[in-house]
Amino acid sequence: MKKIGLGILLTVGLTVGVMGNRFMINEASAEEGAISYSAKIMDNVENHLEIRAKSAYLMDFGTETQVYAKNEKTHLPIASMCKIMTLILAFDAVNAGVIDINEEIVISERAASMGGSQVFLEAGAKYKVSELIKSIVVCSANDSCVALAEKICGNEQNFIDKMNEKAKEIGACDTLFANCTGLPKDPQYSCAKDVALMLKELLKNPKYYEFGKVWMDKFSHPEGRFTEITNTNKLVRFYEGCDGGKTGFTNQAGFCLAATAKRGDMRVISVIIGAENSANRFEDTKTMFNYAFENYAVEPVVEADKPITSIDVNGGKQKAVSAYPLYSSHSFFKRGESADIALEIKPNKLHAPIEKGEKVGEVIVYNKGIEVDKIPLIAGENVKKANLFDRFRDVGKNWTKRKN
């Protein structure tokens with residue numbers, strides 16, 4: 001394929017719906033487009049769903065397309081759902097090498113003294129990071145939260161500052177944390193949409209799912225003692241496809257639940273804040289999940305394991321390199337609707353040598369002319385720099401072509 005500096009526009013013939021933004025979309029037109037599409041969906045959904053909680057939100061995981069919203073930006077206490085951010089920072093620390101998931105850490109007196117939901121850690125004892133993370137995911141352990149916060153940042157306040165920084169980084173701008181547990185403390189608040197964004201960030205960690213699907217387990221202590229733990233998110237056992245989430249409850253916040261479910265290639269996220277009782281939060285969540293899976297679907301637009309084009313390379317043993325999307329991108333659409341999906345490929349000017357995995361361009365995804373995703377393209381193989389023999393060979397080939 002001959003390289004075109006201004007990019008190549010490809011129209012993809014798919015019966016698909018509107019793409020949302022996988023990462024934050026900067027263009028105002030894209031934001032307006034996403035809002036108008038969500039509004040169209042909402043006109044239909046509000047007539048079908050009866051959600052009893054104070055606030056609720058439902059979105060597609062891959063595109064962040066809003067499917068349902070009720071008071072989604074209202075500032076409310078979210079109880080233990082704030083542990084989603086605690087877990088995000090714990091996995092960030094593991095991924096960055098700040099802590100090792102298999103290392104043991106010593107528990108402080110303060111961490112061991114936390115009330116509310118806990119696994120009764122022993123002050124001065126050592127526990128594995130992986131076990132502490134599991135106890136937060138499964139049974140919402142406050143003591144484990146503080147223990148990890150102190151290990152990662154030295155003290156809880158430094159950790160809280162990092163929580164608030166991370167919230168802004170992922171676009172959760174209607175959120176303020178005052179502790180790492182969600183226990184009542186003012187000022188502390190979030191909103192349903194922000195919680196959905198936080199859960200999506202957490203779900204990017206493959207290791208999370210090992211803990212999120214646990215129903216019952218034993219949390220081991222030194223000298224043979226153990227605490228039985230049961231997942232507070234009952235949907236991981238009783239709803240097909242649910243493999244993660246976080247519950248919360250305080251008298252101030254009411255009953256809360258952020259959850260995710262996946263069927264086939266489609267994953268959705270729902271958030272409930274301020275349900276009157278525990279049964280209602282699970283029923284409201286199932287209602288939203290059922291609506292999403294019954295009325296929407298996904299189709300691939302680009303797939304990470306398939307080359308999308310080839311790009312010319314100057315001065316290389318090969319004249320071109322295959323280009324793969326860094327990640328797969330899907331369209332999310334309402335069954336029976338259609339959309340105009342187009343791809344624009346923008347290759348970089350490439351000079352050998354090229355290493356496999358190196359960025360070689362980008363592909364921009366449009367829906368009805370609105371940019372909804374921008375995906376880096378990476379080299380599918382190494383391209384070595386041409387030597388003198390290669391150059392003579394190329395001259396010979398070109399001379400032969402001209403002669404013929």
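This is a predicted model: local features need pLDDT of at least 70, side-chain atom pairs count only at pLDDT 80 or more; totals for chains, interfaces and linings use all residues.

Reader: What lines the largest cavity?

Author: Its lining includes Pro 77, Ile 78, Ala 79 and Cys 82, along with Gly 182, Leu 183 and Thr 250; by class, the lining residues are 7 nonpolar, 4 polar and 1 charged.

Reader: And what about the second largest pocket, how much space lies there?

Author: That pocket holds about 370 Å³ of space, and among the 17 residues that line it, Phe 61, Gly 62, Lys 262, Asp 265 and Arg 267 are the closest to its centre. The lining divides into 6 nonpolar, 5 polar and 6 charged residues.

Reader: Which ring does the charged end of Lys 200 sit over?

Author: The charged end of Lys 200 sits over the ring of Phe 61, 5.4 Å from the ring centre.

Reader: Switching to ring pairs, how many aromatic pairs are there?

Author: The count comes to 7 aromatic pairs. In one of them, the ring centres of Trp 215 and Phe 238 are 5.9 Å apart and the planes stand at 80°, so this pair is edge-to-face.

Reader: Are Trp 215 and Phe 238 buried or exposed?

Author: Trp 215 counts as buried, because its relative accessibility is 19%, whereas Phe 238 is exposed, with a relative accessible area of 54%.

Methods: Residues are numbered from 1 along each chain as its sequence is written. Side-chain values use heavy atoms; hydrogens and water are left out. On a 1 Å grid over the protein atoms alone, a cavity is a set of points where a 1.4 Å probe fits but cannot get out, and a pocket is an open set with protein on both sides within 12 Å along at least five of seven lines; lining residues have an atom within 4 Å of a point. Ala, Val, Leu, Ile, Met, Phe, Trp, Tyr, Cys and Pro count as nonpolar, Asp, Glu, Lys and Arg as charged, and the others, Gly among them, as polar. Grid points are joined across faces, edges and corners, and a volume is the space filled by probe spheres set on the points. Rings of Phe, Tyr and Trp (its six-membered ring) pair if their centres lie within 6.5 Å; planes under 30 degrees apart count as stacked, over 60 as edge-to-face and the rest as tilted. Buried means under 20% relative accessible area, exposed over 50%, partly exposed in between (1.4 Å probe, protein chains only). A charge sits over a ring if NZ of Lys or CZ of Arg is within 6 Å of the ring centre and within 35 degrees of the ring normal.
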